[in-house]
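Have the structure open while you read.

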Amino acid sequence: MTPTDRSLHPVHLPEGWSPSSWRARPAAQIPEYPDPAELAAVQAELRALPPLVTSWEILALRQQLAEAQDGRRFLLQGGDCAESFAECNSEVISNRLKVLLQMSLVLVHGLRKPVVRVGRFAGQYAKPRSADAETIGGVTLPSYRGDMVNAPEFDPAARTPDPRRMVKAHARSAMTMNFVRALIDGGFADLHHPEYWDLGWVRHSPLAEEYQRMVAAIGDAVRFMETLSGSEVHNLNRVDFYTSHEALLLPYEEALTRQVPRQWGWFNLSTHFPWIGMRTAALDGAHVEYFRGIRNPVGIKIGPSVTPDQLLRLVEALNPDDEPGRLTLIHRMGAANVAAKLPPLLQAVKREGRRVLWVCDPMHGNTEATANGYKTRRFDNIRSELEQAFDLHAAAGTRLGGVHLELTGEDVTECLGGARELTERDLERAYRSSVDPRLNYEQALEIAMLIVRKQGQLAAPAGA
Ligand code: PEP
Ligand code: CO
């Protein structure tokens, strides 16, 4: 039986697993709710609500990720570090979609292969924190853990974890999904009209000319094909868009974990593609336990402290049958660490012949604080980690099949450098993130162009 057959015809659920078996394991990063009865009532309410995605969409994405593993697609995964309830509005959602569509156009054009588009949205509302509490002026309160858990204001009521926020997060996620689906169904992603994706505030971008040249070349190619065939090329007006979030708050994820007719096993129907964050990736922890039993494709963040042996045990726990499309490893080492830390992991996975999709997150290992008190990332470090990652995979004989980014379609100044060479002084102008600094439109587009250039270099014969 091939692995694909096996996924259609199950043998059994993973031994000892149920949607709640994570409760017997140490659960990092999950808040203490003051009223367990209220938490249970909220879970019951969530269980009765409709799912946000469907099993067939999840399985279609899994197939696309399997193709990315074979080098036939490239994964673009991006969005905010954390969504906020206040920014669940049409402008923020459509601007983010525009940036991702423009980036994917650059990638499709330059890499000559289809792109798997996955947003960090419609559920990215819970955040891991390095400290459980925060002290200001002698007052200690629980840390802010994302809008799904509590509110950022520093007062006792705002910071107390409130389970009702899960219901609100579910509703906001549904609204976001609904709007994204409607935009795409209505032709927003139509390649005949890339002008729909222009962002109003972008005027004289240093990258605009190169991007416009690409758009014109694609327009010419589309018209040429339509002239040849004598009809409109219809499948250009639809693209697939999938959702992902860090599945951190397990009481929420559990309530959205469902069985569906004509499929075996359990699906997390809150998102297509959940991932495990670096702080919750312990082999014997609650998150790995929960993830091992769901049928979604899953991602796991790999930081510089993970050893080859730990990684192989995680791969075994999360994908014991080596099923295609099931497991994505998102490495986030930092520009200074990647050359030392990544190759042993690549070699170990290759030596064991395990099937994974390798993705680079060049953001989370490159966070630093500026002298004027901002959490930022230098574009040069982000670029450097990504470029090194391509080279290290090429040297190891493995394939970097995607990128995971924090970005926004808003005109923010949160990361330093890039085409406009943003400085520490610029951060004061438009720093809006309540958590991690995001790439703005130009910086994001520059990353897409850089991926294309890098892949082009690697594909060119030596000495050319
Ligand atoms: C994140 O993706 O926002 C995040 C917290 O990442 P990591 O788990 O890799 O630190
Ligand atoms: Co982040």
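Start with the lining of the largest cavity: its residues divide into four nonpolar, two polar and four charged. In that count, Ala, Val, Leu, Ile, Met, Phe, Trp, Tyr, Cys and Pro are nonpolar, Asp, Glu, Lys and Arg are charged, and the others, Gly among them, are polar. The lining residues are D80, E83, S84, E87, C88, V92, I93, R96, Y125 and T176. Helix α4 (residues 90-111) gives the largest share of that lining, with three residues. The space inside is about 40 Å³, and a search of the whole structure turns up one cavity of 30 Å³ or more. A cavity here is a set of points on a 1 Å grid over the protein atoms alone where a 1.4 Å probe fits but cannot get out, with lining residues having an atom within 4 Å of a point. Grid points are joined across faces, edges and corners, and the volume is the space filled by probe spheres set on the points.

A word on the source: this is a predicted model, where local features need pLDDT of at least 70 and side-chain atom pairs count only at pLDDT 80 or more, while totals for chains, interfaces and linings use all residues. Residues are numbered from 1 along each chain as its sequence is written, chains are lettered from A and ligands numbered from 1 in the order in which they are written, and side-chain values use heavy atoms, with hydrogens and water left out.

Now the helix pairs. Helices are DSSP runs (H or I, at least four residues), numbered from the N terminus. Axes are lines fitted to C-alpha atoms over the stretch in contact, with angles from 0 to 180 degrees between N-to-C directions.

| Helix pair | Axis distance | Angle |
|---|---|---|
| α4 and α6 (residues 164-185) | 11 Å | about 55° |
| α2 (residues 36-48) and α6 | within 8 Å | roughly 20° |
| α10 (residues 308-318) and α11 (residues 338-351) | within 9 Å | roughly 45° |

α4 and α6 are therefore oblique to each other; angles under 35 degrees count as roughly parallel, over 145 as roughly antiparallel, 65 to 115 as roughly perpendicular and the rest as oblique. In α4, S90, I93, S94, R96 and L97 meet T176, F179, V180 and L183 of α6, where contact means heavy atoms within 4.5 Å. By class, that contact has five nonpolar, three polar and one charged residues.

α2 and α6 are therefore roughly parallel. Here E38, L39, V42, E45 and L46 of α2 touch R164, M166, V167 and H170 of α6.

How values were computed: Helices (H or I, at least four residues) and strands (E, at least two) are DSSP runs, numbered from the N terminus. On a 1 Å grid over the protein atoms alone, a cavity is a set of points where a 1.4 Å probe fits but cannot get out, and a pocket is an open set with protein on both sides within 12 Å along at least five of seven lines; lining residues have an atom within 4 Å of a point.
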